[in-house]
Amino acid sequence: MEKRMSEQELLASFDEALNYGHIFACYQPKINHTTGRMIGAEALMRWKHPVFGMQYPSDFIPLLEKNDLIYRADLNIFETACKFQRRCLDEGIASVPISCNMSRYDIYHDDYVDNIEAIRAKYDVPVKLLHIEVTESSAIGGMELITDVLNRLHSYGYKVEMDDFGSGYSSLNVLKDLEVDVIKLDMRFLSGDIGGRGGTIISSIVQMAKWLNTPVIAEGVEKLQQADYMRSIGCSYVQGYLYSKPITDEEFLEMLRSSDLETIAPAIQLDEMDAAKFWDPQSMETLIFNNYVGGAAIFSFLDGKIEMLRVNKKYMSEIGMNMTEKEVLKCQPWDCMDEHNRQVYNDTLKRAAETGEEVSCETWRTFCSKTCGEDRICIRSSIRLIGKAGQQYLFYVLVNNTTNEKKSYDALYNSERRFRFASEHANVYAWEVDLATKQMRPCFRCMRDLNVPPVVYNYPEPVIENGLFPPDYADMYRDWMKQLENGVEHLEAIIPLTVGRIPFHVRYTTEFDENGKPLKAYGSATLVVDGEDGDK
Ligand code: C2E
Ligand code: CA
Ligand code: CA
């Protein structure tokens with residue numbers, strides 16, 4: 001018969017429960033979903049009352065905590081786990097590390113670490129076979145106590161697992177300050193939402209954990225689909241009903257006998273750890289990332305595959321297309337580029353990886369968004385390597401949408417090309433003057449024979465200055481420019497040009513926009529042939 005005990009009944013029978021083994025441990029295995037091998041187990045407290053039957057942690061643990069009894073119960077479970085490991089050692093059964101839960105109230109007992117270490121020593125169990133699970137809530141009373149406990153656990157060689165990660169409000173904050181060896185991510189906090197926000201949070205946490213070099217165990221995994229999803233984002237360790245419910249020590253021993261085992265390891269090893277700073281909400285990098293750099297993103301590169309990890313708001317607005325952050329993160333940049341652009345981008349990544357310097361390129365990409373449909377945009381990317389782990393690279397990229405700039409430049413370039421080639425064949429020197437900007441663009445022949453640069457700014461001053469136009473014609477020529485700006489359609493005269501003062505027939509024709517405003521003046525100069533003077 002099972003009946004929930006009252007607080008009084010519970011307190012009254014607690015000592016007896018400890019002494020007679022009514023409080024004991026069940027074990028739940030932790031599995032590598034990729035290999036099927038066991039990597040660890042968690043000891044979970046059970047209380048079987050001789051009269052009231054099975055009691056559940058969710059009912060009795062809060063009461064034990066409230067009455068400051070959890071400490072003794074936790075030490076008891078730790079001792080049970082030590083005894084279990086001792087038995088495995090004695091019977092020659094290969095075992096895995098067993099994790100014991102530490103209540104957040106245990107940290108107020110300043111002999112906690114020394115006590116568990118004394119128990120471990122008593123059973124002479126290698127420290128690597130025992131882990132401690134702590135919860136984020138241990139940091140509630142301030143970081144000092146928990147940091148001190150973690151330091152002392154580490155000094156003895158215990159690995160510490162951060163339990164229930166993702167349940168707390170300040171998960172990222174806590175994590176950056178606590179040196180934990182394993183992160184346990186509880187799927188139940190994020191259930192049913194793998195494709196949505198939950199999925200983004202999960203993959204961010206997993207990615208962040210990779211950067212911190214910390215393995216992640218997904219707990220509360222009930223469905224194959226959850227385990228497969230976790231594996232797909234690089235987290236293969238799972239604990240949950242999918243593989244096994246918590247089982248008795250005898251059942252667990254049997255499972256150890258019949259299972260393949262392996263040790264837990266970080267998903268990847270990072271050589272450089274700069275990247276971690278981008279996750280620190282207080283760091284300069286994060287501040288810069290969010291506020292100062294314009295469009296920025298962080299992505300990883302492995303086996304030719306790009307994975308977008310983080311983008312800031314300005315990145316989204318640079319890309320435009322009204323895409324959501326999720327869409328942008330899911331977007332595989334390679335798919336947006338044609339062969340040529342892919343090559344350009346790939347070369348740039350290669351150079352960035354080799355040199356460690358910021359390297360830039362411009363690539364055209366085709367985006368397709370729900371709201372804007374399909375469009376081709378040009379992105380200038382400045383890329384810098386911020387981390388490397390084996391074959392995996394981590395890049396930081398600043399982006400600019402240069403589509404408009406590019407399009408107008410291309411249009412200009414094409415018309416200019418036509419114009420410049422045309423004059424080459426027409427035996428004429430030709431140029432065009434943008435009347436608004438006073439920029440002059442000469443034909444190839446001007447550039448070649450007269451040494452005129454591709455663009456002359458503040459026309460005509462530079463050509464007056466360098467003697468192409470004789471000084472005595474300077475004022476007249478300046479006046480021409482004024483007339484053209486004012487909408488005069490046509491001008492012509494014979495002017496001795498170049499230092500050789502060779503007479504040229506100079507003509508101007510003006511182009512107007514649809515409102516009749518003068519846009520450009522097209523100039524040409526042809527050699528005066530004998531007799532031309534007289535014809536006019
Ligand atoms: P926890 O540390 O997060 O332990 C995991 C809990 O999730 C266990 O519940 C486990 O039975 C349950 N669980 C495991 N896989 C699944 C799954 O796939 N689906 C679902 N729905 N649940 C799953 P349990 O044993 O009832 O323990 C509840 C909590 O009680 C633990 O949560 C832990 O906070 C606390 N607890 C258990 N044992 C101890 C202990 O020895 N000391 C302390 N201080 N707390 C303990
Ligand atoms: Ca736990
Ligand atoms: Ca947990």
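The model is predicted, so local features are reported only at pLDDT of at least 70 and side-chain atom pairs only at pLDDT 80 or more, whereas totals for chains, interfaces and linings use all residues. Residues are numbered from 1 along each chain as its sequence is written, chains are lettered from A and ligands numbered from 1 in the order in which they are written, and side-chain values use heavy atoms, with hydrogens and water left out.

The chain holds 19 helices and 19 strands, taken as DSSP runs (H or I of at least four residues for helices, E of at least two for strands) and numbered from the N terminus. Of its 536 residues, 47% are buried, where buried means under 20% relative accessible area, exposed over 50% and partly exposed in between, with a 1.4 Å probe and protein chains only. Among contacts (heavy atoms within 4.5 Å) between residues at least 6 apart in sequence, 59% join residues at least 24 apart.

L10, S13, F14, A17 and L18 of α1 are buried, and their cover includes β1 (23-32), β2 (38-49), α2 and α3 (70-91). Just after α1, G21 adopts a positive phi of about 75°.

On the α1 side the contact uses E7, L10 and F14, and on the α2 side F60, L63, L64 and K66. P62, also found in α2, is partly exposed at a relative accessible area of 42%. P62 and S103 are 41 residues apart in sequence, and their C-alpha atoms are 9.9 Å apart.

Between α2 and α3 lies the loop that carries D68. D68 has a positive phi of about 55° although it is not a glycine, and it is partly exposed, with a relative accessible area of 45%. In α3, the end C-alpha atoms are 31 Å apart, in agreement with the 32 Å that its 22 residues should span at 1.5 Å a residue. The buried residues of α3 include I70, Y71, L75 and F84. Just after this helix, G92 takes a positive phi of about 70°.

In strand β2 sits L44, which touches F24, A25, C26, Q28, N101 and P246, not counting residues up to four places away in sequence. The C-alpha atoms of L44 and P57, 13 residues apart along the chain, are separated by 8.5 Å.

Most residues other than glycine have a negative phi, and most peptide bonds are trans. K438, in the loop between β15 (429-434) and β16 (439-442), has a positive phi of about 60° although it is not a glycine. A cis peptide bond, with omega about 5°, joins Y459 and P460.

Conventions:
Expected span 1.5 Å × (residues − 1).
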